[in-house]
Amino acid sequence: MSSIALSPNASGTATFTIAAPGTNTNRTLTLPDEAGTVLTNASNIEAQAKTALNATGSAPVYGARAWVTFNGSNGSIVASGNVSGVTRNGVGDYTITFSTAMPDANYAVSAIASRGASTTRGLGAEMHPTVANTASACRIRTFKVDTDPAVVDAATVHVVIYG
């Protein structure tokens, strides 16, 4: 059986109190098997995250909820985070399914399409114009931007989800 030891700091003068809440339910606090600091309400996690991300100023920092790079000709995933699959519905038409659903369908999607060695002058990516996002998936299209615009497969598609 492990023992519990409380070691006071010799330079401190305050009293450290451990108090149980007024509840009739047993609670267990399991400490990790490592040294470290317990986070509290006074921990400034936002400042630590900004430092780690090299972000400055007072604007909040928002991280991506999901991201994926995939092959535009077949939807095969090259690399991803929180994306369980990409379905190629047809030429330039893809459904991206999340491993863990978003809180709702009101998220932002940023997508770019790479043409690879194609002679197409420019490619674009957009949210599918007739299919709404859901919490579990979004649908995008890739298209060429020139004198004859049309939906096309991109060599590679990069998508980031924020929200």
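The model is predicted, so local features need pLDDT of at least 70 and side-chain atom pairs count only at pLDDT 80 or more, while totals for chains, interfaces and linings use all residues. Residues are numbered from 1 along each chain as its sequence is written, and side-chain values use heavy atoms, with hydrogens and water left out.

Start with the whole chain. Its C-alpha atoms fill a box of roughly 80 × 40 × 30 Å along the principal axes. The radius of gyration (over C-alpha atoms) is 25 Å, whereas a compact globule of 163 residues would have one near 15 Å; that rule is 2.2 Å times the number of residues to the power 0.38.

Next, colour by secondary structure. There are one helix and nine strands (DSSP runs: H or I of at least four residues for helices, E of at least two for strands, numbered from the N terminus). From the N terminus, the order is α-β-β-β-β-β-β-β-β-β.

Now select Phe70, Ile96, Phe98, Ile140, Val159 and Ile161, the residues with the most contacts inside the largest nonpolar core, which has 18 residues. Such a core is a set of buried Ala, Val, Leu, Ile, Met, Phe, Trp, Tyr and Cys residues joined through side-chain atoms within 4.5 Å; buried means under 20% relative accessible area with a 1.4 Å probe, protein chains only. Strands giving two or more residues to this core include E1 (64-71), E4 (93-98) and E9 (156-162).

Finally, centre on Ile161. Beyond its neighbours within four places in sequence, its contacts (heavy atoms within 4.5 Å) include Ala64, Phe98, Met102, Tyr107 and Cys138.

Key. Buried < 20%, exposed > 50% of the residue type's maximum accessible area, 1.4 Å probe, protein only.
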